[in-house]
Amino acid sequence: MYDTLMAMPTFASSMANPAPLSEEEQKKAGTPMGGDMDDEHKNFCQAITKLFESGAIDVTKPETFLNKDVYDGLSPEWKSKTDLAMLNIATLLEHIYGFYKSKQTPDACPQLANMIDQLWEMKQRIESHADVFKF
C-alpha cells in the first residue's frame with residue numbers, strides 16, 4: 001500500500017504540472033453551469049435589482065446600504081465592524097447584480113446562489129446584532 005501512495009501525485013505536483021487545456025476547454029471551464037436556485041435566492045436577486053435600479057443602493061456609496069437610524073444607534077465597536085463588512089458586501093453586491101443582469105450568464109445557477117450565500121453570511125454576522133442593512 002505504501003508504494004501505491006508514493007506513486008500518487010501530490011496536489012502540489014499536480015498544480016506545478018497542470019494538464020494542458022485547449023482554448024475551447026478553458027472557455028468551457030469558466031462558463032457558469034446551468035441550474036436553478038430556490039425562491040429565496042431568486043427573490044433576493046429581484047429585490048436587489050429593484051434597489052439598484054431605483055438608486056436606493058449604490059455600490060460606490062456603501063452608506064446607501066444602511067438603515068441609517070439603526071446604524072446610528074450602534075456602539076462604536078459594531079459601527080466599525082459594519083463599516084469593514086460593507087466594503088466586501090459592496091463588492092459581492094456588484095458581482096451578484098452584474099451576474100444576474102448579464103445576458104452571458106444564467107439568471108439562476110449554482111455560482112450565483114453561492115455568491116448570494118457568501119453575502120448572506122457576511123450580512124448575518126452583523127445583523128445577528130442589529131438589522132442594519134436595507135436588503
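The following legends describe views of a predicted model. Local features need pLDDT of at least 70 and side-chain atom pairs pLDDT 80 or more, whereas totals for chains, interfaces and linings use all residues. Residues are numbered from 1 along each chain as its sequence is written, and side-chain values use heavy atoms, with hydrogens and water left out.

**View 1. The protein chain contains 7 helices and 0 strands.** Helices (H or I, at least four residues) and strands (E, at least two) are DSSP runs, numbered from the N terminus. Of the 135 residues, 33% are buried, that is, under 20% relative accessible area with a 1.4 Å probe, protein chains only.

**View 2. Thr-82 lies in helix α6, which spans residues 76–101.** Thr-82 has a relative accessible area of 0% and is therefore buried. Beyond its neighbours within four places in sequence, Thr-82 is in contact with Leu-66, Tyr-71, Leu-74, Ile-126, Val-132 and Phe-133; contact means heavy atoms within 4.5 Å.

**View 3. Helix α6 crosses helix α7 (residues 110–127) at roughly 165°, and their axes come within 9 Å.** Helix α6 is therefore roughly antiparallel to α7, a term for angles over 145 degrees. Axes are lines fitted to C-alpha atoms, for helices over the stretch in contact, and angles run from 0 to 180 degrees between N-to-C directions.

**View 4. Residues of α6 meet residues of α7.** Those in α6 include Thr-82, Ala-85 and Phe-99, and those in α7 include Leu-112, Met-115 and Ile-126. The residues of this contact divide into 14 nonpolar, 5 polar and 3 charged. Ala, Val, Leu, Ile, Met, Phe, Trp, Tyr, Cys and Pro count as nonpolar, Asp, Glu, Lys and Arg as charged, and the others, Gly among them, as polar.

Definitions and conventions:
Buried means under 20% relative accessible area, exposed over 50%, partly exposed in between (1.4 Å probe, protein chains only). Angles under 35 degrees count as roughly parallel, over 145 as roughly antiparallel, 65 to 115 as roughly perpendicular and the rest as oblique.
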